[in-house]
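Hi there,

Here is the structure I promised to pass on. Have a look at it first, and my notes on what turned up follow below.

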Amino acid sequence: MRFGKIAYLNLLPFDVFIKKYPTPCYFKTFLGLRKSYPARLNKDFLYKRIDAGFISSIAGYESMRLNKATNAGIIARGAVWSVIAIHNPKQKDDYQSASSNALAKVLDVRGEILIGDRALAYKLSHNENSYIDLGQKWWDAHHLGFSFGRLCFNKNAKFYTTMAQSFVNKRIKIPHYILQQRAIESGIAKKDILAYLEHIHYKIGKKEKLALSRFYAKLRLKGIKKPSRF
């Protein structure tokens, strides 16, 4: 059960959840070793170096088609704060995220794409006129929440679907000491982390699935390729 996890603040509630969720001891040992950014986890997942993880939506298409995607994801219903396009006459993709780069192209947004904790730090220290929030841009166009990532698996279907269901149904309170630790690590104040997490949701429902279908359709129309092994 090799699980890969995105090392961003957006999964802080999952970090708290998984500490108490019953798993084999080696699961949590591997989880601590395999933390990275989305594009890297996409590659690890596609090459089956990990069995499951929160995979970028663009890389989770095949998992969805094969019924190997759970109802847990990383979702914004409006502004997301951590996926932005900084105003720039030249297009500059973020090497850490395939989905966000593709989303910008789908939305015809040009600029320097920035994701994760770096984007959140930029948003908190700059004027809103200096960037475009891609979550808000998608919402304005479709009035649907966008799933930036999704918990997908290559095997152990029952274990991961049960775990995902438990996660999305549980109200999670982040202990003060964990919040303090992540604030120090990220350089982002505790109050800003908590405010940010108010913008993140984790349950993929009918509307989020519809949004993903629209996203995949637009990728095809624009000829944007999904990550693959070959």
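Q96 sits in the loop between β5 (83-86) and α5 (98-106); helices (H or I, at least four residues) and strands (E, at least two) are DSSP runs, numbered from the N terminus. This is a predicted model, in which local features need pLDDT of at least 70 and side-chain atom pairs count only at pLDDT 80 or more, while totals for chains, interfaces and linings use all residues. Residues are numbered from 1 along each chain as its sequence is written, and side-chain values use heavy atoms, with hydrogens and water left out.

Is Q96 buried or exposed? With a relative accessible area of 9%, Q96 is buried (under 20% relative accessible area; exposed is over 50% and partly exposed in between, with a 1.4 Å probe and protein chains only). Leaving aside neighbours within four places in sequence, Q96 is in contact with Y8, Y37, P38, A39, I115 and R118, where contact means heavy atoms within 4.5 Å.

Next, the sheets. Three strands make an open antiparallel sheet in the order β6-β5-β7; two strands pair if DSSP finds at least two bridges between them. Its edge strands, β6 (112-115) and β7 (131-133), each pair on one side only. From one strand to the next, the twist averages 25 degrees (axes are lines fitted to C-alpha atoms, for helices over the stretch in contact, and angles run from 0 to 180 degrees between N-to-C directions). β5 and β7 are joined by three bridges, and I86 has Y131 of β7 as its bridge partner. Helix α7 (residues 134-142) packs on this sheet, touching β5 and β7, and its direction makes about 55 degrees with that of β7.

Strand β4 (residues 69-76) is mostly covered, with eight of its eight residues buried. Five bridges link β4 to the antiparallel strand β8 (residues 146-153), where I75 stands opposite S147. β4 also pairs with β9 (residues 201-203), antiparallel over two bridges, and A72 is opposite K203 there.

Finally, a helix pair. The axes of α1 (residues 12-20) and α9 (residues 176-186) come within 12 Å and cross at roughly 135 degrees. That makes α1 oblique to α9 (under 35 degrees counts as roughly parallel, over 145 as roughly antiparallel, 65 to 115 as roughly perpendicular and the rest as oblique). L12, D15, V16 and K19 of α1 meet I178, L179 and R182 of α9.

Happy browsing!
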